[in-house]
Amino acid sequence: MKIDTIKIQELNIYEHHIEINYGADRFKFTTKIFYHDIYFSELKEKYHESTINKIAAYIALFEGMKLCSLFPKYYDISAVANYLDSEAIKLFTKIYEGVFAQHWYENNTTDYKGPELIHPGVNLGDTGVVNSIRGHDNIILTGCGGGKDSIVAMKMLQKADISFASMQYSHSVYGKADIQHNLISGLLEEAQPVKSHKISIYDDFNDYPFLKLYFPENSGITVPETPVSIFESLFLALYWEYKYLCLAHEKSANTGNLFWQKLGREVNHQWGKGYEAEKELNIFIQNHLLSNFTYFSLLQPIYDFRIFQKVAQYPEVLPLIHSCNINKPWCKKCAKCAYVWLGLMSVFSPESVNAVFKSNLFDDDDLLPIFEQMIGLSEHTPFECIGEIDESRLFMKRCLEKGLSGAALDIFSQNVLSDSSIDWQNIEQKYNHVYGDEHAIPEWVFERVKELL
């Protein structure tokens, strides 16, 4: 089966949520995005209604990118085209190519570069009026997904005496919304934001077994999660008057999983979190939507190797953090769980980590191939949000130095540690360094956090 056209069929804005209906030929899907503390009627009074419709159109455009997992020939954006301009098409293509390189690789597809965006009978809009956010210059909206990176970033803002509000969101693909929000809220009690905001997303394209039943040969659904979440945060920024959005993406997000010779390009699972995407989104939003909105990552100057050391300064958060995308808080069977376990074991006492995970993942036969990928013994690193090969190697080396044992550590000793040509000191210097010039952190923020990095 092939899909010819995916389509934004309808976009509706209600008092507390927006609803987007999509089509993929004869199939229908819906995405609903709920804002727990926004009244859209008030937002439309405060800002021009066209501004609200325009932001919603961009959310619809990028939420619809997940349907590109079906390799459609066309993407019909007629329903929102009059709120978009030609630069939006260029941004969509840029984000699509960066995020979907992995999808091409997994499906061994070299002759597909994405759908043609069409809008028959509807003209694209012009750039129009670029608005500005009224309000706070010194309160930062800060994303919290519940993981180690989020809490480290918030603790840095706390120590720097920078006020911040939290933004958390649940997604139906990760399970019940209340469970996700409760997990994150537990962690936020250790961060003490001045205000907490919630977004809940319900998405039946991701949620249902559609792809497995109708397209079993397809590797799976790819979602531009970070880029679309930036656009979804703009309603919070407008309603609650935040000019800054801070996320916690580390430097290793800029490094790909492999270089694919067939296409002559890098494949990077984390591209949407990286510095290149961050710059593209910032420039576009400032030039086309909100002139004084700035999105940045507080942890962009440092690698995971340093972040794990930072989180070890807060042992009270160890039972509260969670990073698994399969079964929260931890499924203990995926690459993300294995990687975070490895990093935590390298910096915390084994007893404290075991109290959370209650099993030795180093001896899990199902995880051994994943650990091999992490330390560079396979074709590529796992397609997950994890650190670089040498970071995983450093973590394993530290675990061995602490007297830890397990099958994964045996593999590391035999295949990596035995190589006397590896310059461990030089590797550690690279990953323990603060890269002060390679970030988009506002100068006033960086001046107050740079000694904390």
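I take contact to mean heavy atoms within 4.5 Å. The model is predicted, so I note that local features need pLDDT of at least 70 and side-chain atom pairs pLDDT 80 or more, while totals for chains, interfaces and linings use all residues. Side-chain values use heavy atoms, without hydrogens and water, and residues are numbered from 1 along each chain as its sequence is written.

**Entry: cores.** I looked up the largest nonpolar core, which has 80 residues. A nonpolar core is a set of buried Ala, Val, Leu, Ile, Met, Phe, Trp, Tyr and Cys residues joined through side-chain atoms within 4.5 Å; buried is under 20% relative accessible area, exposed over 50%, partly exposed in between (1.4 Å probe, protein chains only). Phe62, Phe231, Phe235 and Phe293 touch the most other members. Helix H3 (residues 86–106) gives the largest share of this core, 10 residues. Helices (H or I, at least four residues) and strands (E, at least two) are DSSP runs, numbered from the N terminus.

**Entry: Phe293.** Beyond its neighbours within four places in sequence, I find Phe293 in contact with residues including Ile133, Ile230, Leu234, Tyr242 and Ile285.

**Entry: exposed residues.** I located Met1 in the segment before strand E1 (5–13); Met1 is exposed, with a relative accessible area of 54%. Tyr208 sits in the loop between helix H6 (204–207) and helix H7 (210–214) and is exposed, at 53% relative accessible area. From Tyr208 to Ala101 I note 107 residues in sequence and 24 Å in space, C-alpha to C-alpha.
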